Amino acid sequence: MSIFLLLFIDNATAYSSHSSSADTTKHTNNWAVLVCTSRFWFNYRHMANTLSLYRTVKRLGIPDERIILMLADDMACNARNKYPAQVFNNENHRLNLYGDNVEVDYRGYEVTVENFLRVLTGRHETAVPRSKRLLSDEGSHILLYMTGHGGDEFLKFQDSEELQSHDLADAVKQMKEKRRFKELLIMVDTCQAATLFNQLHSPGVLAIGSSMKGENSYSHHLDSDVGVSVVDRFTFYTLAFFERLNMYANASLSSLFTSYDPKTMMSTAYYRTDLYHRRLDEVPVTNFFGSLKMMIERTLIDSDVQDPTSHIKTKDQNCPFTRTMNTFFEKVERIEHPDSLVNYGLILMLPLLMVSVWLSS
Amino acid sequence: MLDRCTMDLHCYSHFLVHSLLKELKGNLIIFFAVWFLSLQILLVLLLIRATGHTLQMAYRQSLNSLDIVDLLKSSDSLSSGDVAALVYLWNPFTIAACVGLSTSPVENLVVILALHGACKGLVPLAAFGWVMATHLSLYPAILIIPVILLLGYGPDTPPRKLFLQKGYGKNGDNHSSDNCGQQETNHSKAEVTFSWRPVIHFLFWSSLWSTYVLVLCSISVKPHGSLWEMFQRTYGFILTVEDMSPNIGVLWYFFAEVFDFFRSFFMIVFHLNILFMILPLAIRLKHRPCFLAFIYIAISSMLKSYPSVGDSALYLGLLGLFLDELADMQFSFFLLCGYIGVSLLSPVMHNLWIWRGTGNANFYYATGMAYACLQIILVVESVSAVLNHDRKLRKLSVTKLRDGNS
């Protein structure tokens, strides 16, 4: 559940009315839309990409109510999966991504271009349940992650249809008109990914793609046990960045974007910041990938500790036993290195034993 | 026998040196652990030897006072202390416990310390051993009864009635030499009484050592929690049997399938299983406190909540101390074959169940149950052998008296 943050700095820049109104709204919640568009067993890695990001985003605090997970095929319960109900993103199999707690909102053939655009724009039929709707408001930060097969200005859905870059740009423009987001981060991991957001014009949108026009995005490694490649390079390095973080980290987006090395990735991660009016090194990654946190001022712990003991003291001053016990406990609490003292005590036990035996015999 | 024993100790120390050189190349922590455990085993050996010697001296003394020395003709060549030490050293269970880096050798060491101190009459040593053994694992707390009996009465002797009979017999004969008779009855009466002074000393020293240990524990535990929490997590864990991983005991299978409603009832039943045997055995075997300690250790290592082969190693070693009494034990060959068979089959069944997946829990639990049966047979047969031995001694002393009178 989200806890509301009261840290908002007014940007006093002169932009269009839209942007100024967007600047004055508070950041209220974070949403994530994670889309895997490929079907078939040999596209295992796209599923693993999406599930890895799902796990990261949940770990950093976004709850299932605010995540829309769209998986075009079922790899965990696929007949060709040697490890049923398990999806791995690394050949060491350390992490089972398909654990106890995965909620898939759009599965299998429900993942179509039409449904994707309906999710983004919010134009659903009346019977669609709340869990399948993107119920963001004008204070939301949305993370949109898409992975699959793509090309020059398109993304392939289900091996049968395409989402084109102008469709995506139109949908984002509609979202902006309807005030469905405050800031939007689009992450795309496909071949020639950067071309997908060529046509975007709406302000408040930040986009990063795994490769530029004419480049392919490659998978990271093949798991010879499962039999297919299990993760893509861009997502692998993104996860490597996030595994070092927890909910309270404040790494910035610029550190994330600059952590991609074109040599190891074998493609150039290209990001577009002209529509985004904040400086990247001021934006923490948890603005998109995590949940909001409340800052609680904690008073010094010393005052807490002293009060109970003084309370006890005033009560049982009469009994000498409790008095000695209290003084003993106070002395014990003031010891700086209890472990070394205990070690000395243990070593002292042996000569004490020998002396006592010698004395008694 | 002595040469053989020292030769074996030499061999063992050579092995330690070789292991030192080998382990230096490997992991340093494991090297220190193996060395430390081997040291414990060496100390246990020395203590078992010493206890054995004390017991044999006491046995010979008591037989002398009963004038039945001819029983000793068979036991001259074997020194029970050396045999027990060798049995403990070369027991595969001891070696397995040491190699597996378990802390059983340390627990065995403090139990043997307590018994040795009680046999020799060294009250602080006995108190230290008992307090540390109870602290490390809860079950040696029942050893307080044999330790108190050892301190009060002295080491194992035949039943007191025999000494009394001898005293009365002598009195009946020699009316003329009243002084002698009086002295002898006084002497025999003094053997029967229970001296309370060592026991009071023992209680005092054990309270001292336990306060010391508790103070150290509370200092060490302060940053992380309270002393009560420490007791909950150590003694409470042992008593409430929270973890049901398979082991060679009999509790895990049962508690994995018992309904929650009856769980506390059966927990009490299993723990009472050990406790209710304490009093009858203490009444029946109060003249043989060392043997009583061996029986308590055997019962507790069979019925405790998380047994291991290190516990079995201890009582199998102590078994060797009572060679004279247990010479006529029935089923000894069956027990030996049974132990070898179970110790070979049990890891195989475990592997079949857990690693290969071709067996199931019943395979492994069957070996566990067979192991418990063997231990029960061992306990029952050894107690009956000791009681038979006592009956034989009584018959012999009675015939000697009749021969002496007539």
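A definition to begin with: two strands count as paired if DSSP finds at least two bridges between them. Keep in mind that this is a predicted model.

In chain A, strand β6, residues 154-157, pairs with β7(A) in the antiparallel sense, over 4 bridges. Within that pairing, A:Lys156 stands opposite A:Glu162 of β7(A). The sheet itself is open and has 3 strands, in the order β5-β6-β7 of chain A, with antiparallel pairing. Why do β5 and β7 of chain A each have one side without a neighbour in the sheet? Because β5 (150-151) and β7 (161-164) of chain A stand at the edges, each with a single partner strand. Helix α3 of chain A, residues 113-121, packs on the sheet and touches β6 and β7 of chain A. The direction of α3 makes about 35° with that of β7(A).

Now the interface. On the chain A side, 18 residues are in contact with 16 residues of chain B. The area buried between the two chains is about 1500 Å², and carbon and sulfur atoms give 86% of that. A:Val342, A:Met349 and A:Leu353 supply 34% of what chain A buries against chain B, more than any other three residues.

What about charges and polar groups? Between chain A and chain B there are 0 salt bridges, and the rule finds 1 residue pair in polar contact across the interface. Two helices of chain A, α10 (320-334) and α11 (338-360), each supply at least two residues of the side that touches chain B. α11(A) gives the most, with 12 residues. By type, the chain A side divides into 13 nonpolar, 4 polar and 1 charged.

Technical notes
Residues numbered from 1 in each chain as written. Chains lettered and ligands numbered in written order. Predicted model: local features only at pLDDT ≥ 70, side-chain atom pairs only at ≥ 80, totals over all residues. Heavy atoms only, no water. Contact = heavy atoms within 4.5 Å. Buried area = accessible area lost by both parts, 1.4 Å probe. Salt bridge = Lys/Arg side-chain N within 4 Å of Asp/Glu carboxyl O. Polar contact = N/O pair within 3.5 Å; in protein donor to acceptor, adjacent residues only side chain to side chain. Nonpolar A, V, L, I, M, F, W, Y, C, P; charged D, E, K, R; others polar. Axes fitted to C-alpha atoms, helices over the stretch in contact; angles between N-to-C directions.
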